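Work through the exercises below with the sequence and the model open. Try each task before reading its solution.

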Amino acid sequence: MTAWGESVMDIDVAALINDIGAGKTSLVIGVGVGLLFGVFAQQSRFCLRAACVEFWRGAPREKFSIWLLTFGTALLATQALVETGLIEIGSIRQLNNAGSLSGAIVGGLLFGSGMVLARGCASRLLILSATGNMRALVAGLLVTIVAQASLRGGLAPLREAISSWWLVEGHLRGLARLLPPYGGVVMGGAFLLLAMVFVRRFQVSGWVATTAALTGGTVSLAWLLNSQHAANAFDIVAVQSVSFTGPAADTLMGLINSPSLPPSFEIGLVPGVFIGSLLAAVATRQFQWQAFTESTGTTRYLIGATMMGFGAMLAGGCAVGAGISGGSLLLGTAWIALFCMWLSAGATDWMVEREGYRRWWPERDPPAIALGRNPVQPERT
Amino acid sequence: MANTMIHFFETYDSPWLTLWLGLAIGLLFGGFAQRTGFCMRSATIEVWRGRPGTRFALWLTALGAAILLTQSSILSGLISTADIRKLHTSGSLAGAIIGGLLFGAGMVMARGCVSRLLVLSATGNLRALLTLLVVAVVVQAALYGGLSSLRVAVIELTPAAPLTNQTSALLPTYLGVSAGVLTLAIALLAWRRYGISFRLGMAAITIGALPALAWLLTSLYATVSFNMAPVEGISLAGPASRLFGQLMSDTTANPGFGGGVVIGVWLGAFLTACIGGQLQWQSFSRESGTLRYLLGAVLLGLGATLVTGCSIGAGLSDGSLLLANAWIAVVCMWLGAGATDWLMDRETTVDACENNRINTAELVGL
């Protein structure tokens with residue numbers, strides 16, 4: 001840690017932790033980060049699914065620019081903080097424990113497919129459900145239940161089997177070792193620059209662009225706060241960032257298994273995002289009840305949610321947990337998972353929403369899951 | 001007959017035997033309930049709209065059969081009431097009343113009580129499947145989680161009254177059997193009136209006989225087995241949510257009799273729907289609404305935990321024991337269902353979901 005970092009951070013953080021205890025500090029960080037993420041992601045309509053769909057239909061536009069901006073900001077900020085030593089990568093579990101490449105590939109493919117079917121990744125479902133979208137609420141609940149079953153329940157043996165096909169050592173998971181010094185920062189800068197070009201070209205509004213960048217910034221902030229907390233706490237604190245399926249499963253199990261929840265980052269994060277998104281939606285009059293109808297379909301949401309719940313547990317995170325949080329750390333398995341999400345989202349979109357089905361089975365009607373074909377931008381305006 | 005069963009239990013005694021028993025009873029229950037369209041919600045709606053018909057007659061038949069068979073088994077000593085836990089613990093009057101009202105409202109909103117949802121979900125009804133999932137989450141939360149303090153607060157509104165659970169001890173000896181005979185007699189009149197065929201009527205009697213059979217078999221098993229086995233009727237809300245909890249965290253645990261019943265009901269309904277060509281993929285639509293199902297599921301879950309039973313668990317099973325709390329709960333389920341139907345669905349037909357008219361409760365139905 002640099003001298004600057006010590007002088008600025010140690011006083012505040014150490015005092016705070018000693019006053020209120022490690023668990024509660026984590027909870028406060030979780031709620032704070034969650035609120036910020038909820039507000040920014042709701043306002044920017046940050047969405048990996050929509051970005052993928054735009055990209056694969058050959059017309060990257062606003063959604064793609066927003067995603068790129070978020071990713072670029074998170075990468076640049078996180079890498080800069082890692083270089084200054086404020087984020088200590090030695091204490092981050094994903095960069096030091098063994099991971100599974102087969103899990104990242106299979107899980108990423110499943111997740112990408114699932115998010116197209118359910119019309120939103122795990123984080124998007126949480127944010128949409130806070131704006132009155134009951135389809136997202138139901139699908140999100142199912143993602144959470146399946147994730148928990150994959151973590152500890154009936155699907156755990158299958159998950160473990162797939163994970164064990166191709167394991168990779170912890171010290172090999174960081175991509176930073178392949179890059180020259182400051183390579184991560186340069187990469188982040190390049191992504192951000194590219195995103196800026198897109199933002200200008202597709203005339204993304206200033207507010208949306210700002211909140212998109214802040215969404216990415218919140219991810220880096222979470223790494224920073226949790227890393228500083230871990231460095232200053234007496235107890236062992238897991239260094240983590242914004243992620244959804246795991247924390248949602250923990251929150252659900254906490255809610256149904258014990259009368260009171262032990263405070264932690266995860267328990268604060270999920271309600272925080274929900275409340276943040278709700279507040280932002282109400283303040284900007286975007287709250288609107290939305291339900292299942294014949295044209296939206298129901299089955300596709302349930303299949304998609306199941307695929308996402310299992311896929312995220314396999315891939316070590318959802319589109320944000322692996323895609324943005326893990327990606328911004330240059331975590332190799334996360335990049336592979338993200339890449340697989342992009343691929344299978346494109347393939348699924350082509351099969352279900354576009355000409356793919358007709359081309360393969362010209363004589364048959366599309367199945368129930370293809371009901372409710374939607375344009376690139378399905379959400380309300 | 002009883003001796004044969006006792007011999008069978010002694011020979012094959014194992015912790016997993018109750019699971020198989022539950023599975024067998026559940027299979028029968030699910031099959032018959034699916035084929036007859038057995039549904040307490042429809043029965044209540046028929047009555048409240050002043051047009052009692054088939055569904056009501058079937059429900060009354062099952063109730064009469066359950067009471068008659070359970071009470072005569074108790075009288076002949078085949079079911080030993082000493083082993084039935086509910087008869088020796090105190091129940092909560094407030095739990096039965098408030099829980100019953102909530103459950104009744106919930107089953108109208110979700111268009112089916114827990115057993116009906118279980119049967120429907122096995123025939124391809126996604127609305128029922130999702131509603132059940134929410135019911136299971138709410139029941140778990142109300143039993144062990146964030147809602148447990150609310151449940152306890154409601155239960156403690158009235159002082160614990162041990163007598164409310166021991167009605168049968170206070171009643172004259174043959175009253176239970178007579179009540180069963182009387183109910184069944186009225187039901188038989190209803191068969192004639194509403195044109196229920198002998199086959200359909202016998203199917204309803206079988207449905208009513210199954211809770212009695214459950215009491216009987218688990219009671220016999222408890223007397224001979226070395227394994228701790230509670231004496232149980234057919235109950236669905238609690239065991240279904242326990243099974244759900246196990247699927248999420250611990251798949252090695254034995255689901256027991258109750259879990260077996262739930263799996264059996266689902267499989268039984270699935271099989272008969274398969275054979276009868278009644279499998280049909282059904283999902284939410286603009287007419288069906290979404291929010292009403294979610295809210296209904298929450299009410300069903302809360303209600304079932306407060307009552308400690310669903311329309312089958314409290315209604316048929318505990319009701320056939322003449323448990324005062326169960327009867328109060330069932331009456332309240334009827335009241336809650338009637339009031340909710342009047343508030344929300346006045347202008348739709350009983351089979352609201354098959355109907356394409358838009359609900360009056362557009363606001364809630366969405």
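**Exercise 1.** Is Leu271(B) buried, partly exposed or exposed?

Solution. The model is predicted: local features need pLDDT of at least 70, side-chain atom pairs count only at pLDDT 80 or more, and totals for chains, interfaces and linings use all residues. Residues are numbered from 1 along each chain as its sequence is written, chains are lettered from A in the order in which they are written, and side-chain values use heavy atoms, without hydrogens and water.

Take the cut-offs: buried is under 20% relative accessible area, exposed over 50%, partly exposed in between (1.4 Å probe, protein chains only). Leu271(B) has 45%, so this residue is partly exposed.

**Exercise 2.** Which residues have the most contacts inside the largest nonpolar core?

Solution. A nonpolar core joins buried Ala, Val, Leu, Ile, Met, Phe, Trp, Tyr and Cys residues through side-chain atoms within 4.5 Å. The largest has 183 residues; Phe37(A), Trp67(A) and Phe111(A) have the most contacts inside it. Helix α7 (residues 126–143) of chain B gives the most to this core: 13 residues.

**Exercise 3.** Describe the interface of chain A and chain B.

Solution. Count contacts (heavy atoms within 4.5 Å). 26 residues of chain A touch 27 residues of chain B in this sense.

How values were computed
Helices (H or I, at least four residues) and strands (E, at least two) are DSSP runs, numbered from the N terminus.
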